[in-house]
Amino acid sequence: MGRAQFDEREVVHAATNLFWQYGYQAVSMQDLVEGTGLNPGSLYLAFTNKEGLFAASLETYIAESCTRLEDSLADSKSVGKSLCERLEGMVDDATTRDFCSCFLVRAQLELAKDSDTHTELLQLVQGGFDSVKAIYREAIAREYGEDKAEAFASSLMLHIFGLRVYGYQNHSKEQVLDTLKLGLYWLPW
């Protein structure tokens with residue numbers, strides 16, 4: 001049997017959008033067939049099953065997110081100011097009506113409920129978090145020194161996760177930003 005001809009990246013992006021919006025459990029194979037435009041045989045041939053497509057979605061999201069993050073921090077004159085701008089953008093996102101959090105955070109929260117069943121997917125998510133933290137740590141070390149890099153990167157990750165979950169609450173942009181400034185006092189707000 002020949003390999004199906006389609007743009008795998010487009011299929012993974014379409015599936016990611018479905019998983020991101022509705023969650024892993026809520027998306028059926030029929031939803032994936034309709035959302036990607038592929039027939040079930042092509043999806044199964046390329047990804048084995050829904051879990052395989054979800055893993056591909058996570059891997060692609062992690063790789064693309066890390067590349068964007070690395071690029072934005074590498075090009076910045078000030079890591080601190082770049083982090084402030086990123087956080088302000090996250091606050092803007094979190095205080096909009098159609099806020100949809102971070103795909104990794106959403107996946108972590110959903111999969112953790114059934115961690116025995118989703119061990120490999122949870123490891124993928126954790127690897128994504130570890131990769132993001134390592135990028136932040138490296139950038140922070142350049143500007144703030146190695147001695148503070150680990151603690152500051154951990155603090156930043158904690159605040160970002162909190163923002164991604166807290167964003168579902170009905171808070172003003174100013175209130176959320178003031179809270180971040182208080183907790184991340186070391187940044188040049």
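**Exercise 1.** At what angle do helix H4 and helix H7 pack, and how far apart are their axes?

*Solution.* The model is predicted, with local features needing pLDDT of at least 70 and side-chain atom pairs counting only at pLDDT 80 or more, while totals for chains, interfaces and linings use all residues. Residues are numbered from 1 along each chain as its sequence is written, and side-chain values use heavy atoms, without hydrogens and water. Helices are DSSP runs of H or I with at least four residues, and strands are runs of E with at least two, numbered from the N terminus. Helix H4 spans residues 50–74 and helix H7 residues 119–144; they pack at about 5°, with axes 10 Å apart. The axes are lines fitted to C-alpha atoms over the stretch in contact, and the angle, on a scale from 0 to 180 degrees, is taken between N-to-C directions. H4 is therefore roughly parallel to H7, a label for angles under 35 degrees.

**Exercise 2.** Which residues make the contact between H4 and H7?

*Solution.* With contact meaning heavy atoms within 4.5 Å, H4 contributes residues including Phe54, Leu58, Ile62 and Leu69, and H7 contributes residues including Leu124, Val132, Ile135 and Tyr136. By class, the contact of H4 with H7 has 15 nonpolar, 2 polar and 4 charged residues.

**Exercise 3.** How many helices and strands does the protein chain have, and what percentage of its residues is buried?

*Solution.* The protein chain has 9 helices and 0 strands. Of its 189 residues, 43% are buried, that is, under 20% relative accessible area with a 1.4 Å probe, counting protein chains only.

Notes: Angles under 35 degrees count as roughly parallel, over 145 as roughly antiparallel, 65 to 115 as roughly perpendicular and the rest as oblique. Ala, Val, Leu, Ile, Met, Phe, Trp, Tyr, Cys and Pro count as nonpolar, Asp, Glu, Lys and Arg as charged, and the others, Gly among them, as polar. Buried means under 20% relative accessible area, exposed over 50%, partly exposed in between (1.4 Å probe, protein chains only).
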